[in-house]
Amino acid sequence: MSTHSKQFKTHTAMPVIAASYIGPSLMPNRNALWEENELPLSADGLVLEVMGQPMRRAGRFIKMVACGGLACLQKVFLDYLKGKKTGIFLATGLGNVDEIMPFITEVFKHGGGFPSPNQFANSVSNSAAFVLARICDVTGTVLTVSQEELSFESALWLAQSYLESGEIELALVGGCDIFTPTVEEYRERVNLTCGNFRKMPMGEGSSWLLLGKNEEKSIGDILAVDFSNRKTAPEDGSPDDNILRCCDEIMSASLLNDGSEREKNKILLPGFRINKTETDLWKQKGWAIEDYLPCCGIHSTAAAFGIARALREKPSTLFVHYNYHDSGKQAFVAASTK
């Protein structure tokens, strides 16, 4: 889908009912300090804080997914989903690598092995989403979406499509990726090479949005989710110029529809592939830059952290999260807060 203004596809604004973010410090909705060399922290304290009891036979990835989703729902109440057609859309770039690798090693080691039932259950790619669905008593659409560093944007787009079609009434959309030692191997898994990312420490997180339709009590709206390719940009401008043009149009339309006379702040949330030259271009066009990565570090679904954090902490704001894959595919999410 092109981001050229004449071809840009608009979507119905999708209300965000609740949002929650968890970063490497494993403290819900707090920007606590953390150190890359101390990762990963134990998730058991987070489980007790969010769930009130331990999770038995669950791996760290499943614990992070469950806590992230529940932390979001706790901003409303768990019974909010009752009687409503709800979908769960979990985005992850690397998934439960820490559980998959021991399972594979056990199965394929010399002479063959016999992995435990827990190893098998924790290694299944969609197990975390289904554990969350069971906890929340969700029996509808439950999907895991993996598109590397554009995973969360893809899941958000998919959830929006399900909501617009009427297949579901609510969508719990999250992004979760966990630190997988060592730092060097983690960087390699995320495909970080010289010149293709901003110098930031590695991190992890589990951040979630609860979306609905025609909800009166919302904290903001998702205005657009869109994708294009930097290598096939229209001839009348650079990829960044065309995205800027589209975002300005979206924001202008949002202000008209909002009916509010109060001017809103315009903020860019740059993903970890966006360099200073590109952010400077946005600054020249009147956009403030909010670099959220120092709070969560680089991980494949860091976008979920940045977007959830902005929805909770940036009132009366129009913001855009922009990032692209090393292959050239780019994605942006435009949103506004009350």
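**View 1. Helix α11 is mostly covered, with 10 of its 12 residues buried.** Buried here denotes under 20% relative accessible area, exposed over 50%, and partly exposed in between, with a 1.4 Å probe and protein chains only. The buried residues of α11 are A302, A303, A304, F305, G306, I307, A308, R309, A310 and L311. The helix comprises residues 302-313 and reaches 16 Å from its first C-alpha to its last, close to the 16 Å expected at 1.5 Å a residue. That expected span is 1.5 Å times one less than the number of residues in the helix. Helices (H or I, at least four residues) and strands (E, at least two) are DSSP runs, numbered from the N terminus. The model is predicted: local features need pLDDT of at least 70, side-chain atom pairs count only at pLDDT 80 or more, and totals for chains, interfaces and linings use all residues. Residues are numbered from 1 along each chain as its sequence is written, and side-chain values use heavy atoms, with hydrogens and water left out.

**View 2. The protein as a whole contains 11 helices and 10 strands.** Of its 338 residues, 56% are buried. Its accessible surface comes to about 15,000 Å², and carbon and sulfur atoms account for 51% of that surface. These areas come from the Shrake-Rupley method with a 1.4 Å probe; for residues, only the protein chains shown count as cover. Among contacts with a separation of 6 or more, 74% are between residues 24 or more positions apart. A contact means heavy atoms within 4.5 Å.

**View 3. Ten strands form an open sheet with mixed pairing, in the order β3-β2-β4-β5-β1-β6-β10-β9-β7-β8.** Strands β3 (142-145) and β8 (288-289) stand at the edges with a single partner strand each, so one side of each has no neighbour in the sheet. Two strands are taken to pair if DSSP finds at least two bridges between them. Strand β2 (residues 86-91) runs parallel to β3, and four bridges join the two. In this pair, A91 stands opposite V145 of β3. Helix α2 packs on the sheet, where it touches β1 (14-20), β2, β4 (170-177) and β5 (205-212), and its direction makes about 40° with that of β5. For such angles, axes are lines fitted to C-alpha atoms, for helices over the stretch in contact, and the values run from 0 to 180 degrees between N-to-C directions.

**View 4. Strand β1 is mostly covered, seven of its seven residues being buried.** It is joined to β5 by four bridges, and the two strands run antiparallel.

**View 5. Helix α1 (residues 44-51) has L46, V47 and V50 as its buried residues.** Seen down the helix axis, these residues fall within an arc of 100°, so they line one face of α1. The arc is that of the directions from the helix axis to the C-beta atoms. Helix α2 (60-73) is included in what covers them. Just after α1, G52 takes a positive phi of about 80°.

**View 6. L163 lies in helix α6 (residues 151-165).** This residue is buried, with a relative accessible area of 0%. Not counting residues up to four places away in sequence, L163 touches M14, I168, E169, L170, A171, L211 and K213. L163 and K213 are 50 residues apart in sequence and 7.2 Å apart in space, C-alpha to C-alpha.
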